[in-house]
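Me: Could you walk me through the pockets and the nonpolar core of this one?
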Amino acid sequence: MDYKNSKAPRNTITRDINQLMEPVGNVYETVAIIAKRANQISMGIKRELDAKLQDFSIPQDNLEETFENREQAEISRQYERLPKATLMATQEFIDGELVYRTGNRDEALK
């Protein structure tokens, strides 16, 4: 996914929990779904950032010999400007972009 083009707000917004839990019907399941997706987004961003910064890693014998690369700093700043993973996951949930399954077997049998 292209996290840089996310429609999620960069600042926290107060949401009506009743509207947020409407598709699932349970506040705890809603929070669990958003939390799991936020974890997935966070891990994806971390993998992407690590892959980009891997180009700048130089094997060194001494930790004191590290220096700051301007390109590396700019890449880090780009990722710092992204909305938080929880805000991205919440926006995806609100927009109906998440696919999830609940553990209710009774509903699956109906």
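Me: What do the residues lining the second largest pocket divide into?
Reply: In this predicted model, the lining of the second largest pocket divides into six nonpolar, one polar and three charged residues, where Ala, Val, Leu, Ile, Met, Phe, Trp, Tyr, Cys and Pro count as nonpolar, Asp, Glu, Lys and Arg as charged, and the others, Gly among them, as polar.

Me: Which residues are they?
Reply: The second largest pocket is lined by S42, I45, K46, L49, Y79, E80, L82, P83, K84 and A85, with residues numbered from 1 along each chain as its sequence is written.

Me: Which element gives the most to that lining?
Reply: That is α2, with four residues, helices being DSSP runs of H or I with at least four residues, numbered from the N terminus.

Me: How much space lies in the second largest pocket?
Reply: About 180 Å³, a volume being the space filled by probe spheres set on the grid points.

Me: And what lines the largest pocket?
Reply: The lining consists of A32, I33, K36, R37, Q40, L98, V99, Y100 and R101, and about 240 Å³ of space lies in that pocket.

Me: Now the core: which residues touch the most other members of the largest nonpolar core?
Reply: Of its 18 residues, I41, I45, M88 and F93 do; such a core is a set of buried (under 20% relative accessible area, 1.4 Å probe, protein chains only) Ala, Val, Leu, Ile, Met, Phe, Trp, Tyr and Cys residues joined through side-chain atoms within 4.5 Å. The elements giving two or more residues to this core are α2, α3 and α4 (85–95).

Me: How is a pocket defined?
Reply: On a 1 Å grid over the protein atoms alone, a pocket is an open set of points where a 1.4 Å probe fits, with protein on both sides within 12 Å along at least five of seven lines, and lining residues have an atom within 4 Å of a point.

Notes: Predicted model: local features only at pLDDT ≥ 70, side-chain atom pairs only at ≥ 80, totals over all residues. Heavy atoms only, no water. Buried < 20%, exposed > 50% of the residue type's maximum accessible area, 1.4 Å probe, protein only.
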